[in-house]
Amino acid sequence: MAIAPLLPQRAAIAIAIMIEIESGLIVRGGYNVAMTEIMVAGKIDLYDLTREEMVGLLGEWGYSAYHAIRLWQGLYREGARSLDEIEGLRPDLLAQLHNQTAAVALPVRLATKSSDGFTEKFLLELPDGEEIETVLMLFKGRATACVSTQAGCAMGCVFCATGQMGFRRHLTAGEIVGQVLHIMRLQEEEDMALRNVVFMGMGEPLHNYEATMKALAILTDAHGLAMAPKHMTISTVGIVPGIRRLADEGRPYKLAVSLHGATDEERQALVPPAKRWPLNILMDACRYYSAKSGRRIFFEWTLIAGENDTAEQAHALGRLLQGMEAHVNLIPLNPTQGYGGQPADAERAKAFQGVLREYGLPSTVRQRRGIDIAAGCGQLRATTL
Ligand code: SAH
Ligand code: SF4
């Protein structure tokens, strides 16, 4: 609880940012315009371009769409590690690409593997020296990448290590894609291809809406990596304008909403943005999303012993979600330096699930992974800072 005195200040920053989001400054991309201009050593980051943008850029240089598609396929379908590996590019185009663009892997500063071998965490360095963490998780028959969307986070959730470090900056789409490419390249050497990406690393994806959507468009592009949209999961702390925008834009990804409390009082104590968007407003947006998308929503609930693992909270959650197409993911609290709470034990988690069943709500207790290397949910931070 060492950081407790800082919390009101952090909550105030979070509220200020909420206002910016609502006024459209961030969700509509005010910040991201600047972010996409972050270039690698003064060059355009090719991984930051959608296929349409690549066609546009090469078009400006006088090359037809054919050349742009060749480049795109070389980078993504063939997984070229350098421009020189891509066959069929005209020498003059290659020279111009070398001159004005970069397609560089994010350098790995630290790699740690959990003792059970199922989780690996990478500290990656960004061009301006900021650091982020990305996690590879192996489950039976599938590999999942957990990617960051921001360096740090402005939301200030009390139990989250990323929230405890504060906000550093938004990532560009290229920096998000770069994390997936890193994991993909590792998996190429293994039998298990990377199939799932969860946007549950450092940061709040809907606070960096434009770059997150752009990264998703790049990852799912049919001419390139062609990852399945249904295998992409966006997890949000509950940014209401962002949830509504996902629905309005018909984005085909999975949505997870972090609840942690089923009454405003309980939720606000854990998640500062809950002050800006009380539960009735958040749930309205969730119902709107469900109706428009026809998809169920995953609700995340960090189980904290004696705090939100009680039968009373389980019943309140049951009442809140009853009748919705919903699935609850229960995550026993992972330890972080700035929060003194304890995880709920397996028995409490089971009892919690039992109550949810009474309301017809399916739930899963998330397998705890990578706790020994601080790679679990909410444990990510730039460790070398
Ligand atoms: N910002 C997004 C995504 C990143 S956090 C969000 O908040 O949803 C991913 C998940 O980890 C969220 O559900 C978050 O509430 C949860 N989480 C954060 N800190 C945690 C901790 N210490 N233990 C368990 N889960 C945690
Ligand atoms: Fe940010 Fe999510 Fe952590 Fe909250 S739980 S501080 S929104 S990363």
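Tutor: What follows covers the cavity, then the ligand. This is a predicted model, in which local features need pLDDT of at least 70, side-chain atom pairs count only at pLDDT 80 or more, and totals for chains, interfaces and linings use all residues. Residues are numbered from 1 along each chain as its sequence is written, chains are lettered from A and ligands numbered from 1 in the order written, and side-chain values use heavy atoms, without hydrogens and water.

Student: How many cavities are there of 30 Å³ or more?
Tutor: The count is one. A cavity is a set of points, on a 1 Å grid over the protein atoms alone, where a 1.4 Å probe fits but cannot get out.

Student: What is the volume of the largest cavity?
Tutor: The volume is about 470 Å³, taken as the space filled by probe spheres set on the points, which are joined across faces, edges and corners. Its lining, meaning residues with an atom within 4 Å of a point, has 30 residues, and Cys-160, Met-200, Gly-201, Ser-258 and Gly-378 are the closest to the centre.

Student: What takes up that space?
Tutor: Ligand 1 does; a molecule sits in a cavity if more than half of its atoms lie within 2 Å of its grid points.

Student: Which side chains make polar contacts (N or O pairs within 3.5 Å) with ligand 1?
Tutor: Among them, Ser-258 has a polar side-chain atom 2.6 Å from a ligand oxygen. Glu-204 lies 3.1 Å from a ligand nitrogen by a polar side-chain atom, and a side-chain N or O atom of Glu-300 is 3.3 Å from a ligand oxygen.

Terms used:
1 Å grid on protein atoms, 1.4 Å probe; cavity = no way out; pocket = protein on both sides within 12 Å on 5 of 7 lines; lining within 4 Å. Polar contact = N/O pair within 3.5 Å; in protein donor to acceptor, adjacent residues only side chain to side chain.
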